[in-house]
Amino acid sequence: MNIPSEKRRLKILLGLGGCIVAAIVWVLVFAFDATADGSRHDKIGFIILGDINEAGWNASHYNGIKAACDEFGLELLVRDHVKEDSGQCPAAVEDLVAQGANVIFLVSFNYAAEVRPLIDKYSNVAFINTTTLEQAKNMTACFARMYQGRYLAGVLAGMRTKSNVIGYVAAINNSEVCRGINSFALGVQRINPNAKVLVMWTGAWQDEATEAAHARRLIENYGADVLTYHQDEDATAQVAEQLGADFIGYNALLEGYSEHYLTSVICHWDLYYKDILQKYLKGELLALRNNWIGVKQGVITLSKYSDAVTPPMRSVLDSVYNELFYNNNLIFSDEIYDNRGQLRCGKNQVISERELLRNIDWLVKGVEVVE
Amino acid sequence: MNRKFTLQILCLIIALSVVGFLMQQRFGYILNATLEQRIAQQTSDMAIVAEERFQQELAQLHIAAEYLSKHQDREDWNDILKTLAKDDADVIVGITFPNGTAVIGAPLSKYNFIRLPMAAQGNDIVDYSAGKGLLFAVPVIKDGLICAIVYRLYAENLLTDLFGLAEYNSSSRLLIQERNGRIIVPYKSYGEADKAFFKDVTIIDGFKAVRERLTTNRSAAVYYDGARGKYFLFGADLPQTNCAMVGYVPWDAVAGSISRLNAMIVFVTTLMLLLFLVASIYLFLINEKAKQSDEFKREKQEADQANQAKSAFLANMSHEIRTPINAIIGMNEMILRESREPDTIKYSQNVAVAGESLLSIINDILDFSKIESGKMELVEENYTLAEIVKNLVNMIKPRAEQKNLAFAVNVNPNIPNQLFGDSVRIRQVAVNLLTNAVKYTQAGFVTFNVDFEQRAVEEILLKLSVTDTGMGIHDADRKKLFTDFQRFDAKKNKHIEGTGLGLAITYRLVKMMNGWITVDSVYGEGSTFAVTIPQKVTGTELIGSFSEDSIAAQEKYRPSFTAPDANILVVDDNEMNLLVVAGLLKETHVQIDTAASGTDALKKLAERHYDLIFLDQMMPGLDGIQTLKLALAMPENKSKDAPTIALTANAISGAKEMFLREGFSDYLSKPVEPKSLEKMLVQYLPPEKVHEPAAHVAEIQEPATAGFKYLNTELGLQYSGDMPDMYKEMLEMFCNLKPEKQAALQEAFDAADWKNYTVLIHALKSTSLSIGGVQMSEAAKKLELAAKDGNVEFVQANHAAAMTLYDELVADCQNYLQQS
């Protein structure tokens, strides 16, 4: 009675000892895995103006970088609600650097200028800005070729307009917005040389009242039957829907609209951020001052068309899309005159990217600014 | 055990091998992973070199582009192109519009050179097109507008010379590929074998792994172990181009020296594992040994315990046997003393011989148990050798003559007679040898030789040897001769009595006395046992010539003294023993007083003075030692100066010392030997009261008839030495004591005092047997055993029946007394 139980105890002890030894061996053999693996633990900082859950610019960017970071297994550090020119951005940069961020995205126009001294100070951190003119050794400007989407939108608007008057509610007169207007207008003219584009400035990225008023005036006073806009919100779209005019959205998928909502110019921010982060990981980012990403990378597209966009229209859009895919220079090349009659680009010439980025302070022929 | 051990070691070896194998694998893996990292780092450094070559090309074009943007004159443009062309037919230079159509020189197709549109956006490009060559192109920018692209295109056959990379080391190969894997710039020695290498499916898979890593890394290297051997494959993408630099290096070239380290580590690890293994085996063996020695210890302990149990058993047995022997020898002595009939005397003499022999067996056993337990001690004293020899001859000669054997004694007359040693043991040794010789010799002679050898002035070697013409001993048996309980030729010897202890005891005794024993024997012809014992010489007297006439015939008992004035007290709870002592001393006329208990004795001691006291050791109530202590402490004791002799049946070693320590003068072991008793009296009685004996005649009485249910009178008479008077006296005493004894028993029974009960019932057992109450004795024996073992139930169940039996027995006794 006693002896078997003792044997069993011995067996249990032996088994336990075996398990412990096995565990020790396991640890000994595999503990060095991490050191040998050489896996990277980069941290990505991300500073943005609004709330990351706010639909539109903020959420689309956040979701994009989140997806890209997840794909590469990178850690994402987010600082949102960071107001421009308030001192909040430098604090956020300091904070992120302190937390070990290797890359910091400055996702608002004025951030880069505000933190310029910090960019030089933290020279081993890669800064990435969007839509800025600031330059630094360790900073890369990354751009989505939104203007390519504008061009497609222009083609569609040119096909849809019956009044040959197309309204454009624009925020601020800068190189980025003008580039978009010009590209849109060139698109319109490519398919409908008789149509004209009317631009109304609001003077702000977010001013729903002014936007709505402008949209109403463009339709009611100027007879525009297709509208588009360059604002952070869709106030223009609401007015157009209300007044039964076609409209094309920008940088967001809108919901709850009729077939007047023809499509949106959208950017696949996940692909955009993936491209940037991949270049960072490959060590190619520092060699690039500017990084343009567009149709060729599949980043810029039009969203799902409404029923108002007929199959012939769709096939035209497809072919233009293909042209863009193979030729980045399709839009800003050959003879281009501005609305004052000045030749901005000669035959067999191409407007350089640097020029497109910084110096578009003119509007092409066929664009009128109205008050 | 052996198989289990082998299995355990095997398991250990397997486990260690598995661990070793795993560790080696892991080491190799870590080594390769580390080398992969190192090589990737080097690759990225080399990629920078490759890139710089490209940058040099682009720098030249930049200068040209700069020039072109400032000079619109076509003549100037041609000059520039001429300087770029290097006068080589395989170098094509030209200027195109951004869309690829030619301005000067050949046009470029954006379908051949996919990166061309990037140049049209303002970027420098390096682009490879299979069959066309490697293109370097730089945009010409004027006022923010790209108006042209200047390019230089190298045909493929030039590429190796211009861009072929220096070899990494003598055994490695480097080349530039399109990122899709097509080779652009092979190394100089690139041949068919290399082509086959790069086309090998497994190698291609290896480079796929490199490519996979390159999606998120600047450079990468992978360890390849396949059909083509061990290699590191590595690669890095060249930024801003569609090119990648790839290469391979044999594993040996990189890890050769490190692998020696690896081998060393493996060696050391193996060594350590082996040491571990050896240590394990060693520990295991030690453990086994310890286990075995534990087992030995336990076995020895068990054996010791068994031995102790044996000793205890022997001591108990001796006690049990001595009581009846006491009666036999004592009564027989009475017969010898009192009988006038020659036949009776003869019978009685035979009884005496048988009794002596029985006693000697018991003594043998006791001696042996003493020796075994290490309690045997030598008692050395001065003695005369002649006396011992005489004694021996007297003892053996009759036996030899009985068997018609010639018995010769040869004593060297020059032996010192006065010696110092344990005469008792020397005598015992000689007796053992002589009796053996007589026992085992059927015809012929037995010779007893006594000789010596001077060893020092006061020391001799005493040589006793016994030669016989007996059956002899087989050579094979000789070794076992002195081991315990051995008897040889069992069939032949079955009629010979003995315990088989004789020689074992002899051997041990001789050893104890620092002597030795030798045996010389021819099987079937006879043996010689020779004993040599060192003895000290204490006197100058020599033994002289030894006369055989000194052998005395067996004489009728004559008391050695009379002491009619002496008073002695004998204390014993056993009435029989009192009777025996009284009987044995009858003819000495010593005045004997008896007491049946310690308390009784104390009373008697207060009444009068005694010259000597015999005090039994084991008694119910006060035992001997307690009684003596009380007596010595009692003021009214009139015999404080009287010597007290202990009587004990447990004559085990150490007893004498114990009794002396307790205040006794001496001790006498039961059964009481008449001569010892008399000797004791002579020694301790005041000499003035001891006189020479006078002639004395005892009467003989007729034995009574028998015929009772519970009383075997024949047996009772036997125990009483066939003396009807004595028997009657004993019966009377038995009857008279009955009420008292029975009451005491009942009292102990009622009080559940099993210890006292055991003593009382033990006494009843022996007294009833000594008067012939066999059934009573049997019943009492069972009760005694039960009470001793704590078997209370049995005692309670059988006590009443035993008491009834007691009544019946006493009734029988009274009837017998009335009849006679």
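## Chain B overall

In chain B, 65% of contacts between residues at least 6 apart in sequence join residues at least 24 apart; a contact means C-beta atoms, placed from the backbone, within 7 Å. This is a predicted model: local features need pLDDT of at least 70, side-chain atom pairs count only at pLDDT 80 or more, and totals for chains, interfaces and linings use all residues. Residues are numbered from 1 along each chain as its sequence is written, with chains lettered from A and ligands numbered from 1 in the order written.

Chain B has 23 helices and 22 strands (DSSP runs numbered from the N terminus: H or I of at least four residues, E of at least two). Of its 820 residues, 37% count as buried (20 or more other C-beta atoms within 10 Å of the residue's own).

## A helix pair in chain B

Helix 10 (residues 423-440) and helix 13 (residues 502-512) of chain B have axes that come within 10 Å and cross at roughly 145°. Axes are lines fitted to C-alpha atoms over the stretch in contact, with angles from 0 to 180 degrees between N-to-C directions.

Helix 10 of chain B contributes R425(B), Q428(B), V429(B), N432(B), L433(B) and N436(B) to the contact. From helix 13 of chain B come G502(B), L503(B), I505(B), T506(B), L509(B) and V510(B).

## A buried strand in chain A

Seven of the seven residues of strand 10 (residues 261-267) of chain A are buried, so this strand is largely enclosed by the rest of the structure.

Strand 9 (residues 246-250) of chain A runs parallel to strand 10 of chain A, joined by four bridges; pairing requires at least two DSSP bridges. Here Y250(A) stands opposite V265(A). Strand 12 (residues 300-302) of chain A pairs antiparallel with strand 10 of chain A over three bridges. In strand 12 of chain A, L302(A) is the bridge partner of V265(A).

Key:
Two residues are in contact if their C-beta atoms, placed from the backbone, lie within 7 Å. A residue is buried if 20 or more other C-beta atoms lie within 10 Å of its own, exposed if 12 or fewer, and partly exposed in between; C-beta atoms are placed from the backbone.
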